[in-house]
Amino acid sequence: MSKFDLYGALEDAYFSDNPSRGVHFLSSFLEKQVRLAACLVFSELDITQTHLRLPRSTGLGGYLNIMEQVAHYCRTEATNTEATMLCDALTLRFAESAADRTIKKYRDYLSHGGIEPSGTELQDALTYAKQENAEAIRIYIEQCGGVVWTDGLLRLGAGPSLYPLIIESSGDLAIFQSVADQCCTFHTLNRDRPAVEFDSPKDIIVGDISRYTSPPPSSVDRQGISLFRESIRKDLKGFRELHMDFSFQGSYSPFALEWARKTSGGHEYRTDKFRIDNNYKHEWRSPDGWASYTEFLKSIANWDVVVRRSLHRLAEINDDLRKVEADQFANLSTLKIPDSISTKFAVREFLGTSFDSSKDGQAVDIYDIIDESSHNSTGVPQVYFVRGEAGIGKTYNLFKASKDRATALCDTTSDKPLYLYISCSGLGLKRVEDIIDAAVVGTQNLDFNSVLALSRNGLLVLVIDGFDELVGGTGYGDAFQLLRPVLKQLGGSGTLLLSARSSYFANQYQKSLENAAQLDGLPAHHMILELQRWSRSDVELLFAENSHWSTYRQSLSDSDLALLGVPFFAQAFNDATSSPGAAVRFQSLRSTLIDSYLARETKKLESRGGQSPVSSRQLRSIFQEIAGLLYESSESSLDVDDFKLACESALELDGFNGPNQALGDRLTVLCGMSASADSSGSPLFSFQHDIFFEVMLADYLGKQYLSSLDGYTSMSGALERSPLGDATVASIVERYEEGLASFLSEPSVAKKDSNSTYALNLAALISAFILPTHSMPSTWYRDINFGSLDLTPLPQLGITLNDCHIDRLRFASEATGSITLSNCTVNHLESYGDSIAPMSPVVFEGNISVQEMSAVRGDGKIGTFESGVHRVLEELDRLGAQGVQRQLHEARDAEPSALELFAYDVLNGMSARGENSYIIKTKSQIPGDSAGRGMYRPNDPLWADLTRKLESTGVASTKQITASGTAKSVVAFRYTSTALCSRQSSEAKINDFWSELRSS
């Protein structure tokens, strides 16, 4: 037995030929000191009594982390105080400051190519750290009895051997460095032989070293770590200096990241540690210990500052909204709204299976489900699309929710997300990246990329109000394409809240979404919510609370009372009836409010002490001409020349010259018009509120095209321009019922292309016509894409629909006559009533495509519900539908396998929803309980069989997604779900897929 100066041998190997090494060499040696200390400490630990293990492969950060864990373990177990002192001494040393940086940060800076600072301050600090580390290591060795050679092995005094962490190899002293797969690497103290590797199965040391190191991760663990790293890299794109080093240290969990964070004064070097805990949660090593990964993002985003500055921005927006409201109403009298009246959002539709479909048709707390969505990882972004008629309060509710949330986050600690409110009003065609950047410029530390990082991780929800205004024209165009950059970068998570007029969703947006789904799958799952009017009982409460309304109570029709459920009209009615001496004569509430509005506008045009140069009737004509010009040109605003041209046409003038010049100038300040400026500073004119535009447009279309037979052909052309708003449709039905009935009964109104703007407008007019008139304008239509077609007001049917697509078709089961559906696609067919054969009015011709059906009793309870193509056919036949037998017999005669039937139902449902991917649990390969209830039989084991067939035949691929919790994967089709439904395809792989299913 002989003593051996182990530390002296290490220092001699590094410094014997040059004691005055530079700062780069010194910083490298500091890591070697820590590695030696770790090997000494772990040789002393009883590894059978602790879960602590050396990292298989890591750098300085990983070793400092394990030294911290050893110190904590020894203190907790009240054992090995010498090891505790050594670990504390080394880890604290690297936290000490040197020239405003810690020793660790300076070491990282130098190891990543940083230039050596001038002066001797850093050299002195590193030399001092090296000496202090050396002293701590020597003291530990002496406390343990020194290092001795015994039987060819090194030992710490009378304690355990230092093998296998420090060994002798062919005469060279070697210290453990790393292990990967079956290859174990040691670094020696011999410059002629700096490293030695053991990778042969005969090398016993490979097995011996594995007892001291963390186990190799499974393939799933490796993939989880890899995905976590990639998500970190993606999240930090908006926070880091892209031109500076970005380096992960260590291959396993925990691992470290060395990077440079952007700051207002330049940048700061950081080393952050991350891990995946035993519950698969992503965590960050904060100064106070392990914390959630979202706490890391909050830290680098300066979350408290972001929230405060966001609230300040919303306060400025609030002032602007109040000014607009003051311009819209003459008195802006206070409308008293009882606390019992609340805003209700009703779920109308799901596009995607990641939602709880049990909420379909129910009123929900939209902000509760959005907050829940922000914390879920579903494999795709979730979009909550709030639709509603003009004036229903979309802007008010979304803005108020955003302001309330920012206020709450300023006052309390909460895990709820911040709502980033963005108004698209007046923006025109702009990139979404630009409007997001503009919305957060005031935070001074966020941009488009960092906003999406916060959204991906549940800290922020994008709230885009008036999304339909982004494209800058009343035709909207393909505005969904503007959303693609956001959805693409969000990847597998993130929540958006959009609002737009109902007509926009029913027309352009849904069509655009279907086109996108056909190209590359549904890019995001959508929950469609409708902001509802106040109920009749709510309106009665308004009458009780606002006593001056009672004077007009008997003059209001049922439709007027329903219209008072629209907050804008309630405020306008309150404004019109609260002024001194107000005397309102009613035709209908909508007309009366427009008349009152025109009277105020006319009064404002009066010159001092004189009369208005135009009458209320002339002013209405001006607004109608402007609405018509905007509609015909598919623009959202007019320049000053077109504005004056519309005024000239309405007033039948040859121009605003000579004595009429002053009139032209005064008309440009009409309060009903909102003036902004184009890029050159020239004024642009648009309606201050959608309601004014939509009602005036109804009069323009009615007078131009529905007042004579000659106009019907032109009406068809006009409907091709742009989607009509709800108020336009309702006003046309109300004011031009006779002309509309004549137009809709013309055989020529039906045209090919059910997704055209014309066909969608036609569907809206037909649907709106039915309720007040209790009649159908024609008995036959073809190639029309109906959203919801409610025929329950019709006591007599006698209707034929050819090649139509209907999202939801309702009818009264006790009505006389029949509904003939010839080659139609119906997503949901519903009967209402107490007939013993509730589907008997339905006659099918040609191909039958019904995804779901229900029979609702007269008391509102569902008597029967069925989904899946084959089950629906069986139930339709049982409940009396005609024309089902042929297709039902064909399905029975084919005798498909259980898996083939299952696949057919799954793919048909996905095709109807425009989906081309689904999410499964990686291990079981089924969607499971975490799937939305819209997912077809999510716990059925056949999902695993279907997934394997899709993969093995090459028609789909599976990829694991980044998510905390149970590992999940996305199954993405290489063809559209619609193409996969074809069991006789021109694509060989699709035919192979169905052949495999038949033989299963």
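User: Which residues does Asn449 touch, leaving out those up to four places away in sequence?
Analyst: In this predicted model, Asn449 touches Lys237, Gly238 and Gln489, when residues up to four places away in sequence are not counted.

User: And where is Asn449 placed?
Analyst: Asn449 belongs to helix α14, which covers residues 448-456.

User: Is Asn449 buried or exposed?
Analyst: Asn449 has a relative accessible area of 17%. Buried means under 20%, so Asn449 counts as buried.

User: Let me step back to the whole protein. How many helices and strands are there?
Analyst: The protein has 34 helices and 36 strands.

User: What share of the residues is buried?
Analyst: Of the 1000 residues in the protein, 54% are buried. The accessible surface comes to about 42900 Å², and carbon and sulfur atoms hold 47% of that surface.

User: What part of the contacts joins residues 24 or more positions apart?
Analyst: Among contacts with a separation of 6 or more, residues 24 or more positions apart account for 61%.

User: Now the aromatic residues. How many aromatic pairs does the structure hold?
Analyst: There are 33 aromatic pairs in the structure. One of them joins Phe246 and Phe248, with ring centres 5.6 Å apart and planes at 85 degrees.

User: Why is the pair of Phe246 and Phe248 edge-to-face?
Analyst: Planes over 60 degrees apart count as edge-to-face, and the planes of Phe246 and Phe248 stand at 85 degrees, so this pair falls in that class. Phe246 is buried, with a relative accessible area of 12%, and Phe248 is buried as well, at 14%.

User: What about Tyr367 and Tyr419, how do their rings lie?
Analyst: The ring centres of Tyr367 and Tyr419 are 6.0 Å apart and the planes are at 35 degrees, so the pair is tilted. The pair links distant parts of the chain, 52 residues apart: Tyr367 is in helix α11 (residues 366-374), while Tyr419 is in strand β18 (residues 418-423). Both tyrosines are buried.

User: Which residue lies over the face of Tyr419?
Analyst: Arg405 lies over that face, at 4.6 Å from the ring centre of Tyr419. Elsewhere, the charged end of Arg553 sits over the ring of Phe543, 5.2 Å from its centre.

User: Back to Phe246 and Phe248: which aromatic cluster includes them?
Analyst: Phe246 and Phe248 form one aromatic cluster with Phe228, Phe255, Trp259, Phe274, Trp284, Tyr293 and Phe296.

User: Sheets next. In what order do the strands β6, β7, β8 and β9 lie?
Analyst: These 4 strands form an open sheet in the order β6-β7-β8-β9, with antiparallel pairing. Strands β6 (166-169) and β9 (195-198) are the edges, each pairing on one side only. Neighbouring strands in this sheet are turned by 40 degrees against each other on average, direction ignored.

User: How many bridges join β8 and β9?
Analyst: Strand β8 (residues 183-188) pairs with β9 over 4 bridges, in the antiparallel sense. Phe186 has Val196, in β9, as its bridge partner.

Terms used: Residues are numbered from 1 along each chain as its sequence is written. This is a predicted model: local features need pLDDT of at least 70, side-chain atom pairs count only at pLDDT 80 or more; totals for chains, interfaces and linings use all residues. Side-chain values use heavy atoms; hydrogens and water are left out. Helices (H or I, at least four residues) and strands (E, at least two) are DSSP runs, numbered from the N terminus. Buried means under 20% relative accessible area, exposed over 50%, partly exposed in between (1.4 Å probe, protein chains only). Contact means heavy atoms within 4.5 Å. Accessible areas come from the Shrake-Rupley method with a 1.4 Å probe; for residues, only the protein chains shown count as cover. Rings of Phe, Tyr and Trp (its six-membered ring) pair if their centres lie within 6.5 Å; planes under 30 degrees apart count as stacked, over 60 as edge-to-face and the rest as tilted. A charge sits over a ring if NZ of Lys or CZ of Arg is within 6 Å of the ring centre and within 35 degrees of the ring normal. Two strands pair if DSSP finds at least two bridges between them. Axes are lines fitted to C-alpha atoms, for helices over the stretch in contact, and angles run from 0 to 180 degrees between N-to-C directions.
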